[in-house]
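Subject: A structure for you to look at

Hello,

Here is the structure I promised to send over. Please open it and keep it beside you while you read my notes.

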Amino acid sequence: MSEPILIVDDEEGVREMLALLLSDSGFRVFTAENGKQALQIIGDYRPQIVICDIKMPGMNGIELLRRIKTEAPDTEIITMSGHGDMELAIQSLIFEAADFITKPVNGEALEIALERVHEKIRTRAALKEYTRNLERLVKEKSERLLETEKLATQRYQQLAQKFEQLFDEVPCYISVHDTDYRLTAVNRRFKEDFGDCTGSRCFEAYKNLREPCPECPVMKTFKDGQPHYSEEILISKSFEQLNVLTWTTPIRDPDGEITQVMSMSHDVTKVRKLQNHLSSLGLLIGTISHAVKGLLTGLDGGMYMVNSGFTKADRQLVSEGWDTVTLVVGRLRKLIMDILYYAKERELEWEEAPVLRFSEEVASTIEFKLAAQKIEFERDFDQSSGTLELDLSLVHSALMNIFENAIETCIEDKSKTAHRIIFRVEGDQDSVFFHVRDNGVGMDTETKQKLFTMFFSSKGQKGTGLGLFVSNQVIRQHGGTINVQSEPGEGSCFTIRLPRSRKWASKDHL
Amino acid sequence: MAKKIMVVDDDPVIVKYIVALFRDNGYLTCAASNGLEAYEMLKQEKPDLITLDLEMSEEWGPKFYRRLSKEEEFKDIPVVVVSGLAGRHLSIRKAVAYLGKPFEPAELLDIVKKTLGA
């Protein structure tokens, strides 16, 4: 279909002449004799080009130009005017006329003007197409981007959810610490047993301490970026002691800086209790083996006499021998029953004893052990140290373990020629203190800390790592404490404090 | 003349056993239940050999032995340690033998016989 074009002029002759020309050029020509009519036609037929006289009665050309540009901005307008009206021509160009021709209209000039307008329309169409394409492209890309982002968010959420689930569901305690020992996150298991202590400092939250623990594995990880492992004792919100194995691992920011440290702790309290029980049994076997040997010898004696009596037909001897057998079997029975009872549960056998006499007994056992060693032994007993309530045989064994440790360190120490162990006993109103001081090899900090840990031994093949652990358990069961002061090369001093009364005893044994 | 053996142990059952064992094999015997008693008995009876337990209530075997070894008259009396202690071989250096508990009676008799030469 041919291109519509509108001619606006108040002179009929001009309209006819132009209509003729433009029809020849293949346009579908509309004409209007004033602005109002022109706007009507533009509204109905949307011609792309309007040729318009400027000087018209009523709405003049400039006015019409402005209205067309407002109502149909894509319409291109060529204005016409008589010779010398340059002022009007410029004004019409200011108001975005596409071109300007003079009257009377020269066919050639009109053709050129029309060609230029067409060029402008084509350019604009191309620009429009290009813009549209660009818009489509942008829209497509943003849609794809949005889709990707949505997917990513979804996956991130899934991942985060999975992590959180893992964080909460793992059967161990997880806490995240900042450089100031503060907890920034804890998992559900942790909250269950220690409460939600996010924001508080770890040593206060679950260690009941006023200052950081020495050898803190979290701080070690902050320092060297390596995972660290340690065994710790934590205090739950119901004031239970929990033995845990702790691993720490660094959390780094995108720049590789360690900003936080994650600590994972596994509860081994049950395992420790079981080990406890086993080792107490081991201790028991150690202390009773001597008794068993004596009793077996006694049994040999009884049997020997019975045999001898039969051989000599001596009824008296048989009877005497049998009495011995009966006596010894009775003792063996009691011992075995004790072991069986112990294997189930061990209650302390409390008795009240004079501190001095108990100390003398311990000292004489030690003197015997020292007989073959070149180690001097010194007693320093407070003569008015009163009495205390204790399980004699257990505390005796516990002290023996500490003395044996002292003897070992003296034997091991080749740097001094003279060795000495001092056993000092003193008391105050509530407690009795046993000090065992040696000048053996001494201990470094780490050894000191692990000293009372099950199966820790600095003695290599010679140690089982049970002795001091058991001593510590026994003393704690009595409500007492063991402290150690030691310097490498200087020797050690163990101080055992026992309350005088059993009312301080710990109920938490095995 | 029969040789005399002093048995030192704080368990009367074991004393009775060892004494019976020696008597049945032709030895004279005397006995003590701790180091102090043993020292008195030593001066009175002047035994030819001593079996000595280590862990006893009043005075321990090693202490008794130190006293004994300081006296010219007694220091050469052979001592056989009979004890259940694991470190018994470290206790008395000059002992002629160390026997654990429970011990084999034939082994004890054999040691005594070789030591006393009869």
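Let us start with A:Lys103, which is buried because its relative accessible area is 15% (buried means under 20%, exposed over 50% and partly exposed in between, with a 1.4 Å probe and protein chains only). Before going on, please note that this is a predicted model, in which local features need pLDDT of at least 70 and side-chain atom pairs count only at pLDDT 80 or more, while totals for chains, interfaces and linings use all residues. Residues are numbered from 1 along each chain as its sequence is written, chains are lettered from A and ligands numbered from 1 in the order in which they are written, and side-chain values use heavy atoms, with hydrogens and water left out.

**Around A:Lys103**

What does A:Lys103 form with A:Glu11? The two make a salt bridge, with their closest N and O atoms 3.9 Å apart (the term means a side-chain nitrogen of Lys or Arg within 4 Å of a carboxyl oxygen of Asp or Glu). A:Glu11 sits in the loop between β1 (4-8) and α1 (12-24) of chain A and A:Lys103 in strand β5 of chain A, so this pair ties together parts that are 92 residues apart in sequence. (Helices, H or I with at least four residues, and strands, E with at least two, are DSSP runs numbered from the N terminus.) A:Glu11 is partly exposed, at a relative accessible area of 44%.

A:Lys103 is also joined to A:Pro104 by a cis peptide bond, with omega about -5 degrees. You will find A:Pro104 in the loop between β5 (99-103) and α5 of chain A.

**Over in chain B**

A cis peptide bond joins B:Lys101 and B:Pro102 too, with omega about -10 degrees. B:Pro102 is in the loop between β5 (97-99) and α4 (105-116) of chain B. B:Lys101 forms a salt bridge with B:Asp53, and their closest N and O atoms are 3.5 Å apart. This pair links distant parts of the chain, 48 residues apart: B:Lys101 is in the loop between β5 and α4 of chain B, and B:Asp53 in the loop between β3 (49-52) and α3 (61-69) of chain B. Both B:Lys101 and B:Asp53 are buried.

**Between the chains**

Which residue of chain A meets B:Lys16 in a salt bridge? The partner is A:Glu320, at 3.8 Å from N to O. B:Lys16 belongs to helix α1 (residues 12-24) of chain B and A:Glu320 to helix α10 (residues 315-344) of chain A, so the pair joins two chains. B:Lys16 counts as partly exposed at 36% relative accessibility, and A:Glu320 is partly exposed at 29%. Over all chains, the structure holds 36 salt bridges.

**Two backbone spots**

A:Arg46 has a positive phi, near 50 degrees, in a residue other than glycine. It lies in the loop between α2 (35-45) and β3 (49-53) of chain A and is exposed, with a relative accessible area of 52%.

A:Tyr181 is not a glycine either, yet its phi is positive at about 70 degrees. Its place is the loop between β6 (173-177) and β7 (183-186) of chain A. Is A:Tyr181 buried or exposed? A:Tyr181 is buried, with a relative accessible area of 19%.

Enjoy exploring, and write back with any questions!

Best wishes
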